[in-house]
Amino acid sequence: MLKYFEMFVNFLWGLPIIVIILGAGIYFTFKTGFFQVFYLKHIFSETILKTIKTGNKGEGNAKGLITPFDAVATAIGGTVGVGNIGGVATAIAIGGPGALFWLWIAAFLGMMLKMVEVTLGVYYREKDENGEVYGGPTYYMEKGLGKEKGIKWWIIPAVIFGGGIFSTFFITVQNYTVSEAVSSAYGIKIIYASIIYILVNYILIIGGIKKLGKIAGKIVPFMCIFYIVAALYIIAINIGNLPETIVLVFKGAFNGTAAVGGFAGAAFNQVMRIGMARSVFSNEAGWGSSPMIHSSAQTDHPVKQGLWGAFEVFVDTIIVCTLTALVIIITNVWQSGATGATLTLSAFETGMGLASKIFIATGIFLFGVTTSSGWYAYYEIILRHLMKSRPKLKEAILKFYKIFYPIPGFIMVVMATTIGMPGGTVWVFADFTTAIPTFVNVGVILALSGTFLKLFKDYKKRYILKEDMSKENTKLFFEEN
């Protein structure tokens, strides 16, 4: 049974997902004039550099639960996690060094996909009975497809999307991957590591989305710098191997990788598939997850928050995933036969000694808990939309959800340790839970592309070309709400 399920997942992550991600990414890249290339400086200056200069605050008098930076910190906390460490390691172990090239391609196009979905998430967001703003794919399906385009069956993609996202609630790799790393580094049983993990999760989620944003704004920058510095150190002490590493990446991207040592070898289609799958799982571009937290940001133009979406993908994949992959390849441990977080830990141990295991395992733990807490926010927002007409039932369900949230991850660890489920099998389930909502969400943002392009042109005129917009009727959605 597992064999046929794996075949089906491999099919989803073959030509179908490659066509929809590459196709949509190329479409938006061309329609915006290669915005993520020619305006990369603008993206950085209006996001992280602006925050450093002016402080962590909202745009103008815009309403929202959290600041734009806290929103992206929560989203990066949800994306920069085990996908960057265990997922990238698995990609290199299965697909060889060439998988990194396809991570780059998917991320380059993913910057535009994330910018589009975040922009639409903000544009179609709405207030609840307490005056708090929430949004995301299910919201733009209801309001964009349903109300604006008159598509009465908008509920079908919304249910499929919501079901796909919620399947990750039950089939989750976060607890498993983190517990595996902590168990390996500290020499404790994986079950004990898992229990510690869920206890920390409870501490983080108890204050709700607003509190999560504040915590993420403090933890995530430290977490990323912590990991980046360690990775750069490994690359620096192995700098002589860097040219050969780059050659392996580009050669393996198109020719596949021949069997070497403990490595089984990979064909071109496998390298491309695994690279793109790990990229989407890591940065979640097109997946529809991040727009749910970005939609609560205090911003006065949808595209302004969309820029944070593009920045998020750049940090997650172009920086963090690349560094993970380079550390694994440059230390030559990718041929060892290990996979997942164990492979990443082995690479850092090769470069920094035994103490690095504890150092990096701690980093993986931080990545994992911020990822889990970020996803807590995503599930809550879907539940809020589902129950928006029944506030009392909504509050009861949200209270139960807060208590139950970390349990499925613990059950996955128990299953993996008792029936001996290998790490590769866990990632097969993860790929399935990624593919379904991605297909639906990318299809919807393509259907709503006209709305995005209208907002994009408005933003470009106002903030890049700085044209006089006083005579144009460009009243934004959230000004009406």
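**Surface and overall make-up**

I started with the accessible surface of the chain, which comes to about 18,700 Å² in this predicted model, by the Shrake-Rupley method with a 1.4 Å probe, where for residues only the protein chains shown count as cover. Carbon and sulfur atoms hold 66% of that surface. I kept in mind that, the model being predicted, local features need pLDDT of at least 70 and side-chain atom pairs pLDDT 80 or more, while totals for chains, interfaces and linings use all residues. Residues are numbered from 1 along each chain as its sequence is written, and side-chain values use heavy atoms, without hydrogens and water.

Next I looked up burial: 60% of the 481 residues count as buried (under 20% relative accessible area; exposed is over 50%, partly exposed in between, with a 1.4 Å probe and protein chains only). For secondary structure I noted 23 helices and two strands (DSSP runs numbered from the N terminus: H or I of at least four residues for helices, E of at least two for strands).

**Helix 12 and a neighbour**

I turned to helix 12, residues 190-205, whose 16 residues reach 23 Å from first C-alpha to last, close to the 22 Å expected at 1.5 Å a residue (1.5 Å times one less than the number of residues). Its buried residues are Ile-190, Ala-193, Ser-194, Tyr-197, Ile-198, Asn-201, Leu-204 and Ile-205. They sit on the same side of helix 12 because they cover an arc of only 135 degrees around the axis, taken from the directions from the helix axis to the C-beta atoms. On the face turned away I found the exposed Leu-199 and Ile-203.

Which residues does Ser-179 touch, leaving aside neighbours within four places in sequence? I listed Ile-190, Ala-193, Ser-194 and Val-413 (contact means heavy atoms within 4.5 Å). Ser-179 itself lies in helix 11, residues 174-186, and is buried at 0% relative accessible area.

**Aromatic rings**

I then went to the rings and found 24 aromatic pairs (Phe, Tyr and Trp rings, the last by its six-membered ring, with centres within 6.5 Å; planes under 30 degrees apart are stacked, over 60 edge-to-face, the rest tilted). Phe-35 and Phe-456 are edge-to-face, since their centres are 5.3 Å apart and their planes at 85 degrees. This pair links helix 3 (residues 35-38) with helix 23 (residues 449-464), 421 residues apart. Both Phe-35 and Phe-456 are buried.

Tyr-227 and Phe-348 make a tilted pair, 5.7 Å centre to centre with 55 degrees between the planes. Tyr-227 is in helix 13 (residues 208-237) and Phe-348 in helix 18, so this pair ties together parts 121 residues apart in sequence.
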